[in-house]
Amino acid sequence: MPFLVAVHHLKDFDEWLKLFKGNPPPKAGRWRLMRGIDDRNRVHVVGEVQASDVNAVKEFMESDRMQDVFRRVNAMSTAPLEILWLEELTP
């Protein structure tokens with residue numbers, strides 16, 4: 001199953017959280033929000049999606065609206081937003 005991971009290094013978590021809540025992930029998939037224990041401004045948004053939904057999620061992420069959101073996120077971050085697509089492996 002594919003996973004999307006968005007890695008954030010934020011200046012202010014609370015400011016980012018307001019933006020995130022106003023621009024939630026797409027409906028497709030199961031989404032988790034994870035925050036660093038030692039670095040509270042390090043946040044990962046993890047989406048587990050069906051292979052059949054990958055293209056729809058990619059289109060959502062590439063939309064003009066989300067590109068604007070990502071520009072705003074980068075302005076409130078200490079490092080550029082990193083978006084990874086991963087697949088789960090069986091050990």
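1. In this predicted model, the residues of helix H3 that count as buried are Met-66, Val-69, Phe-70 and Val-73. Viewed down the axis of H3, these buried residues fall within an arc of 100 degrees, so they line one face of the helix. On the other side of H3, the exposed residues are Asp-64, Arg-71 and Ala-75.

2. The buried residues of H3 pack against several other elements, namely strand S1 (2-9), helix H1 (13-22), helix H2 (54-62) and strand S4 (82-87). As for its geometry, H3 covers residues 64-75, which makes 12 residues, and its span from the first C-alpha to the last is 17 Å, close to the 16 Å expected at 1.5 Å a residue.

3. Turning to the charged side chains, the model contains 2 salt bridges, and these link Arg-30, Arg-32 and Glu-48 in a network. In one of them Glu-48 pairs with Arg-30, with the closest N and O atoms 4.0 Å apart. Because Glu-48 lies in strand S3 (residues 42-48) and Arg-30 in strand S2 (residues 30-35), this pair ties together parts that are 18 residues apart in sequence.

4. Glu-48 also forms a salt bridge with Arg-32, where the N to O distance is 3.3 Å. Here again the partners come from strands S3 and S2, Glu-48 from the former and Arg-32 from the latter, so the pair ties together parts that are 16 residues apart in sequence. Arg-32 itself is partly exposed, its relative accessible area being 26%.

Key: Residues numbered from 1 in each chain as written. Predicted model: local features only at pLDDT ≥ 70, side-chain atom pairs only at ≥ 80, totals over all residues. Heavy atoms only, no water. Helix = DSSP H or I, 4+ residues; strand = E, 2+ residues; numbered from the N terminus. Buried < 20%, exposed > 50% of the residue type's maximum accessible area, 1.4 Å probe, protein only. Expected span 1.5 Å × (residues − 1). Arc of directions from axis to C-beta. Contact = heavy atoms within 4.5 Å.
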